[in-house]
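Hello,

Here is the structure I promised to pass on. Have a look at it first, and then read my notes below.

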Amino acid sequence: MNKTTSEYRSAITTIDNPFDPFDEFTSWFLYDEEKGYHTCGYLARIAKTSNQFTDKENDSEVEKAIDEIIKYDFMNIYKKVKRKADEIQIES
């Protein structure tokens with residue numbers, strides 16, 4: 001995960017994933033892939049991010065994509081989680 005300049009950071013997860021996508025990303029990702037959700041790939045297809053955008057602009061686009069995924073989630077498996085940027089532990 002990258003540090004962000006915004007006050008809050010959003011992530012998407014599934015209701016059954018026991019791992020925190022902020023603090024336990026590797027375990028969260030492995031669980032997500034094992035269950036066949038492929039949430040990171042799904043989010044990457046929906047989010048309109050760019051290397052030409054600032055971090056703040058990319059964060060905004062990711063948040064919009066998370067909201068869109070949840071809006072059209074007919075199985076009701078996704079949820080958005082938020083965390084203050086200064087509380088996020090960055091995995092190395």
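A word on terms before the tour: helices (H or I, at least four residues) and strands (E, at least two) are DSSP runs, numbered from the N terminus. This is a predicted model, in which local features need pLDDT of at least 70 and side-chain atom pairs count only at pLDDT 80 or more, while totals for chains, interfaces and linings use all residues. Residues are numbered from 1 along each chain as its sequence is written, and side-chain values use heavy atoms, with hydrogens and water left out.

The protein has three helices and two strands, in the order β-α-α-α-β from the N terminus. Of its 92 residues, 32% are buried (buried is under 20% relative accessible area, exposed over 50%, partly exposed in between, with a 1.4 Å probe and protein chains only).

Phe-22 sits between strand 1 (8-14) and helix 1 (25-34), and is buried at 2% relative accessible area. Its C-alpha is 9.9 Å from that of Ile-12, ten residues away in sequence.

The other two concern backbone angles. Most residues other than glycine have a negative phi. His-38, however, has a positive phi of about 55° without being a glycine. His-38 belongs to the loop between helix 1 and helix 2 (39-46) and is partly exposed, at 38% relative accessibility.

Asn-76, not a glycine either, also has a positive phi of about 55°. Asn-76 lies in the loop between helix 3 (55-71) and strand 2 (78-84), and is exposed at 57%.

Best wishes
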